[in-house]
Amino acid sequence: MTAGSTAAAGAVALVASDSAAGASGTYKATPLSPSGTWTAGGSGGGFTWTYPLTVPPAPAGPTPSVVFSYNSQTVDGKTSVTNGQASWIGDGWDYNPGFIERRYRSCADDRDHIPGKPNNDNDADKKKADLCWTGDNVVLSFGGVTTELVRDATTGKWVPSADDGSRIELKTGSTNGAKNGEYWVVTTRDGARYHYGRHNVGTHGDGSSPQATTDSVFTVPVFGNHPGEPCYTTTYANSSCTQAWRWNLDYVEDVHGNAMVIDWKREENRYARNAKYAEKDRTKVGYVRGGYPVRILYGLRADNLAGAPAGSIDFEVQERCFAEGDVKCGDEQFKSKNNGDKLGWWDTPATLNCEMDAAHCPVASPTFWSRKRLASVTTRAQRTEGSTQLSNVDKWTLDQSFPAHRTDTHPPLWLNSVKRTGYGAANDTIGVSLPPVSFRFNEANMPNRVGKSAAEATPDFDRLRLETILTETGGEIHVQYSEPCPVGTSGLKQEGNTTRCFPVRWSPDPELAPEKVPVEWFNKYVVKSVVERDRVALRPALTTTYTYEGDPAWAKEDDEFTKPELRTYSQWRGYAAVTTTTGETANAGTPTATEQAQTRTRYFRGLSRPDAKVTVKDSTGTEDLGEDKPQYQGQTAETITYTKAGGSVESRHLTWPRDVETASRPRNNTTPLKAHRKAVDRTDEIQYVSGGKARMVRTRHSYEDTHGLPRNTQTDVMENKGTGWTTVEQSCEVPAYVHNTDKNLVGLPAQVRTTVGDCTDAAIARGPVLGAVRTSFDALNAFSGTPVKGLPYQVETLDAAGTSAGHPRRVPSTTPWAGPSRPTTPQATPPPRPTLRRPGRPSPSRRRIPWATRSPPSSTPPAAACWKRPTPMAARSSRPTTNSAVPPRCARLPRSPPTTRPTSSLTRSRRGRLPPSPRTRSRTTVPTAPPSRSTTACCAPAKARARPPAAASWSPTPSTRPTEPSARPTTGTSPKASRAPTSSSPHR
């Protein structure tokens, strides 16, 4: 939410000013910084780091996921138009369970005669800095992803701009303090319901501190200054009412009645509403300037929230102040009228704090900030046999500071380290700690603003970036960033800008009229290289470098909160291609020889416009991969793997995206805001072999219109021996679905049938059947019935002859625990491995697998048909076989993380342990989402492949379901996957 336009925005000089805006940032803007939308893919070049916290799993239902996430480029956006305060973790870091936020604008900037004459278009009211209604401007943030919500102009339904099939409902009737008691319910395609701002969820607690409400809604006075807007009257002074500006996630319930509750703490403030500086009535001038989660209770039953939870997560906060010498950090100092007493709150605008009983409040507009920082996170669970009492499992302690003399403005909060302490089940008061994970900032200055000259006195707004990470087990990661733009901006131009600098309207004078605010230039930093070192075994360092091809791209702002004449080309679109080179070439001809690995990733950047269409081609220039639409921004178009750095092409993966518009809302003075359902239309996976030959697997998808689910998938295996492509194998997979639209249980695969041949009239099975499976959900023989909870109950597969359902089987019960929460006896869990993600690197979920044995199509069905779709090209072999009775091999897919009991393994000896690889893939899930089913291989082991597919080998996983455009969380976990965790070497 942006409370004011770029003109009205600017940041407070922290403790030295009673204005809400100044040179270094603004507190009129809420923490939802626009910089969070600047990059959507690896082409952006940012450095991201995630630190997942191990959470004791719930016996059933939603388990929260807490992940500290860092992104270097969120700091690039800290200019005068954004909220300058760092998050409660530190600059560049973030964690939030989820929220929905509505945006408003300053009434002084909302005086256009649309849809009618405003009631503040007069000398008395035109300069007042209250917030005014500006329509259906709503943003959803969940699981680290932020997307706008589109209220369709035709149907009135709310749809995410990145439409994943979730159902969005705005409800009323809560007692949360917002107008009409508004709150939101988001229902995902597995039927789980996420409540934002419900507030009065009912009595809940951990036995020691029960409460009935969550305090999850943040409100502020909002004026309706145009006819038809909420609370509008002809007189401006009487046109306000209390509206929500943020609804926080506070309640989650799955289809089985398992629940989770999140409690919040609100930070309240006062401002001079309608320029009434002496008004003290809380209902008129009070508002919520910020807040934070206090605890998460999970493992609850929806019909008994007062029962004992299976686990909890507690968040402890402290003042954004560090006592040192004469500096004290008490409430008395923060509320003191002596500015010298407030010096400890370096990045907190203490002078914008107005007490409700003060005689005078000089702040004329609402401001949004916090005086708290996250100090620790503690997980607790039921660990005592026969007791529901919660005891400590793990605690993470954060060490933070305000780095002195490193920035030319007041320093933001910096995260120095995170230390984990684990507790045993026998005594949860005495713990064992790991060495801390430390975070060091850049040594050389990295200014945000591009100076006009070396002698200029205006500050450069230096902000710190994460440069070195020291892991708890002896690893070191060092990041090298690009250089800033050279001083001097005379040669820079907005349209057609080919530099890494971007224009922003900015002035150190917050009172300057919008049309007089000049354009200044700011830096965008990308990662040049990352070096990984082993400080324990002293092995050679591993260096990964990034080469950005061509010129970077920028797009013009299209936000309706900025007047057209004030918009700049400040939307980062990144690079068209990034080449990643890993390792070094050394010791050629010796047993210790090493060779550099190299990949090249090409991207869509969203540069196409109605008046200038842009098309993305493949690297050879012969294939059109599609129009470079804005909704494709950041998506991978092609990935090229080389035999070595500078070597020949080993393989290529090409993607043709598709999208369908699902909602649209017109906006004043800019293009309509649209929602799109995105999917993949076609993929080509090509592998080159010796002698100029190549093999390819081409996969084409067709989708139904109602829900966007795959209608069929055709797979063609092709070969090129130098004379052109010929098809050597072809198959078609056709699914059938059952739905329960009332619960938004959509896309459950009732049947999946695979046949030889193309997908023309595939529904009538033109070719021989390779495999088929049908699933009954929730009941026996209910193959076409409406699902109730979406649990696989019965599965039937083809017999060896491929003519009938010869292997019916009832699925072992996977129904989540439906009774009251029960005690568990947790054991120790290993510490989480942080995840390092770097630009230009292909998704770790796509691995290259050696070409596997493949039989040519046969006129008779194979004896042991694998009902899974033929595996990707990388899983097929260059050796053809004449044994048509051998089914195609199914590649082993990544398994879900093991399900373990809540513990801490920190009491184990760490002698001889090596530092974990910083490239370990993240095992985190979407925060507070229900646990997902694991994905396992579809075929029996190699020795058993000649036998008919036994029904017992089937597990209740999504393996029967074709890949959907957007994966949805599901319930149930494969027991086999849970017992076999994915292994990874701590070193390469």
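A: Strand E27 (residues 501–505) is largely enclosed by the rest of the structure, because five of its five residues are buried, where buried means under 20% relative accessible area, exposed over 50% and partly exposed in between, with a 1.4 Å probe and protein chains only. This is a predicted model, in which local features need pLDDT of at least 70 and side-chain atom pairs count only at pLDDT 80 or more, while totals for chains, interfaces and linings use all residues. Residues are numbered from 1 along each chain as its sequence is written, and side-chain values use heavy atoms, with hydrogens and water left out. Strands here are DSSP runs of at least two residues, numbered from the N terminus.

Both faces of E27 are covered, with Cys501, Pro503 and Arg505 buried on one side and Phe502 and Val504 buried on the other. E27 pairs with strand E28 (residues 519–523) in the antiparallel sense over five bridges, pairing requiring that DSSP find at least two bridges between the strands. Within this pair, Phe502 has Phe522 of E28 as its bridge partner.

Burial also marks a loop position: Asn442, in the loop between strand E24 (437–441) and strand E25 (466–470), is buried with a relative accessible area of 1%. A polar atom of the Asn442 side chain lies 2.6 Å from the backbone oxygen of Ala444, and a polar atom of that side chain lies 2.7 Å from the backbone nitrogen of Arg465.

Note on methods. Helices (H or I, at least four residues) and strands (E, at least two) are DSSP runs, numbered from the N terminus. A polar contact is a pair of N or O atoms within 3.5 Å; within protein, one must be able to donate a hydrogen and the other to accept it, and residues adjacent in sequence count only if both atoms are side-chain atoms.
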